[in-house]
Amino acid sequence: MKYLYTWGAILVVVLSSTAGDILISHAMKRIGDLGELRRRKGILHVTGRVLTSYNFLLGLACMACSFFSLLFALSWADVSLVGPASASLTFIANAFAARIFLRERVDVRRWTAALLVAAGVTLLAV
Amino acid sequence: MTLRKYLVLLGVVVFSALGNVLLSRGMKQVGEISFHNFHQLFSALLNVWVVGGIILLVLFFVTYLTALSWADLTYVLPATAIGYVLMALLGRFFLHEQVSTLRWLGVLLITAGVGFVAGGPSLTIHEPAKVPLPEPQEVEP
């Protein structure tokens with residue numbers, strides 16, 4: 001049962017974190033270059049644009065969900081398992097999701113980078 | 001990739017690493033939180049290291065959002081993974097944590113991944129659908 005709760009929670013962490021990242025990235029692309037916008041319209045305008053974006057708010061909610069799932073997973077299993085498992089799986093899931101939903105060009109270079117970083121992050125916790 | 005954009009990416013790296021390290025230093029001072037002393041989590045917000053860490057993590061989030069407004073997610077994530085390396089270094093030299101050989105190998109792999117992605121393009125340009133031009137008509141003299 002503990003096994004099920006732990007990996008179930010890790011799955012929720014990975015999926016909601018990925019969903020959050022995709023939504024936030026999409027929201028930021030829609031708003032446009034934040035630096036340019038701040039120079040032209042000021043910091044208050046930029047803050048307003050970001051905080052009133054539905055995609056951004058939904059993405060933030062997904063990130064919150066991911067965080068609480070992480071706390072749940074940590075209450076059942078060691079951080080040395082949960083930490084690297086969720087971080088490295090999130091990297092891989094982000095690469096797939098960005099390819100599918102954001103239509104980003106994820107070439108061999110980026111796939112290799114994602115795998116290297118995921119492997120490296122996993123080793124960090126050993 | 002302008003200097004300004006590199007500085008933003010640098011900001012993402014530095015703020016996330018420093019923010020987490022300060023947060024860690026503060027939470028170690030506060031002590032282990034369990035179900036019985038849950039209220040200690042709120043008094044943790046009064047710890048100066050925790051406050052510093054939160055401020056830096058807010059700055060991290062702002063620079064992260066800025067980077068996502070002009071670069072692909074699959075570029076920003078590995079490019080800023082060097083933050084994990086900085087965190088390991090700060091953990092060793094500032095927090096005096098034990099960092100095993102395997103962990104340093106992990107740091108090496110992450111650095112390789114960062115180097116790989118940082119050398120490539122940062123944004124996917126979505127081409128508008130090309131509408132074929134009508135065939136030129138032969139004009140009868």
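Reader: Which residues does A:Ser16 touch, leaving out those up to four places away in sequence?

Author: A:Ser16 touches A:Cys62, A:Met63, A:Cys65 and A:Ser66, where contact means heavy atoms within 4.5 Å. This is a predicted model, in which local features need pLDDT of at least 70, side-chain atom pairs count only at pLDDT 80 or more, and totals for chains, interfaces and linings use all residues. Side-chain values use heavy atoms, without hydrogens or water, residues are numbered from 1 along each chain as its sequence is written, and chains are lettered from A and ligands numbered from 1 in the order in which they are written.

Reader: Where does A:Ser16 lie, and is A:Ser16 buried or exposed?

Author: A:Ser16 lies in helix H1 of chain A; helices are DSSP runs of H or I with at least four residues, strands are runs of E with at least two, and both are numbered from the N terminus. A:Ser16 counts as buried because its relative accessibility is 9%. Buried means under 20% relative accessible area, exposed over 50%, and partly exposed in between, with a 1.4 Å probe and protein chains only.

Reader: How many helices and strands does chain A have?

Author: Chain A has 6 helices and 0 strands. Of its 126 residues, 46% count as buried.

Reader: Turning to chain B, what is the span of helix H3?

Author: H3(B), residues 48-68, has 21 residues and reaches 30 Å from its first C-alpha to its last, close to the 30 Å expected. The expected span is 1.5 Å times one less than the number of residues.

Reader: Which residues of H3(B) are buried, and what do they pack against?

Author: Among the buried residues are B:Val50, B:Leu56 and B:Tyr64. The buried residues of H3(B) pack against elements of both chains, including helix H1 (2-31) of chain A and helix H1 (3-30) of chain B.

Reader: At what angle do H6(A) and H6(B) pack?

Author: H6(A), residues 108-124, and H6(B), residues 101-118, pack at about 165 degrees with their axes 7 Å apart. Axes are lines fitted to C-alpha atoms, for helices over the stretch in contact, and angles run from 0 to 180 degrees between N-to-C directions. H6(A) is therefore roughly antiparallel to H6(B); angles under 35 degrees count as roughly parallel, over 145 as roughly antiparallel, 65 to 115 as roughly perpendicular and the rest as oblique.

Reader: Which residues meet there?

Author: A:Leu116, A:Val117 and A:Gly120 are among those in H6(A), and the residues they meet in H6(B) include B:Leu109, B:Ile110 and B:Gly113.
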